[in-house]
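Please look over the sequence and the structure shown here before reading on.

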Amino acid sequence: VRGMRVFVETIVKSGPALCNVVALLAFTIIMFSIMGVQLFAGSMNQRCYITTDIINNVTYYELDASREARCSSTGSMLIFTGWPCFDNTTCLEPTTWPSDGSCLNDTDCPYTEPVLSYDNSLKATLVTIKLMSLDGWRTELEYTQDGASNLSWPFFWVITLFFMTFAVNLMLAILAEE
């Protein structure tokens, strides 16, 4: 019981300093979220679609089942872009969906990532917190590399290294100081 009492007293005494660290971490999370939106907006929603039919000036699309990964609609050099679609398919996202396009199956057309994406600041904040916890950061990196660029790895490494080393050690140093 004595050890628990010392622990609680230490937490209470270091409260103001821990609040400063939490404010710094919140600022950093928001900064990385905004950077993620600027760099990778829409990249999580891009999928390959097959043009199935054109009837009465309406083009019908179907999600390419042979390629379920994200795709990149920009450029052709794989170093600076993500993965291109196969022949006879088109890389589309909800913002680039053709005005004359329609779907054979409404459940996957156009595909939208439900929660974790870089489409707005709130969703990007959730992705950043997930990366900060080191839970599935490699999967998110691979998704972003498929859809945006193979050169997106420095962004993810900075987040994981910053939060894994600097932030945790800063909190531990404040607790040890008290």
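The report below takes up the sheet, the aromatic rings and a surface patch in turn.

## Basis of the model

This is a predicted model, in which local features need pLDDT of at least 70 and side-chain atom pairs count only at pLDDT 80 or more, while totals for chains, interfaces and linings use all residues. Residues are numbered from 1 along each chain as its sequence is written, and side-chain values use heavy atoms, with hydrogens and water left out.

## The sheet

Strand S1 (residues 47–55) pairs with strand S2 (residues 58–63) in the antiparallel sense over six bridges, where a pair requires at least two DSSP bridges.

## Aromatic rings

Across the whole structure there are ten aromatic pairs, meaning rings of Phe, Tyr and Trp (its six-membered ring) with centres within 6.5 Å, counted as stacked when the planes are under 30 degrees apart, edge-to-face when over 60, and tilted otherwise. Phenylalanine 162 and phenylalanine 163 are edge-to-face, because their ring centres are 5.0 Å apart and their planes stand at 80°. Ring pairs join both into a cluster that also includes Phe32, Phe40 and Tyr118.

## The nonpolar patch

Leu24, Phe27, Met31, Met35, Leu39 and Phe166 make a nonpolar surface patch of about 560 Å², and helix H2 (residues 15–40) supplies its largest share, five residues. Patch residues have over 30% relative accessible area and no salt bridge, with nonpolar side chains (Val, Leu, Ile, Met, Phe, Trp, Tyr) joined within 5 Å and like charges within 9 Å; a salt bridge is a side-chain nitrogen of Lys or Arg within 4 Å of a carboxyl oxygen of Asp or Glu.

Note on methods. Areas by Shrake-Rupley, 256 points an atom, 1.4 Å probe, with all protein chains shown as cover. Helix = DSSP H or I, 4+ residues; strand = E, 2+ residues; numbered from the N terminus.
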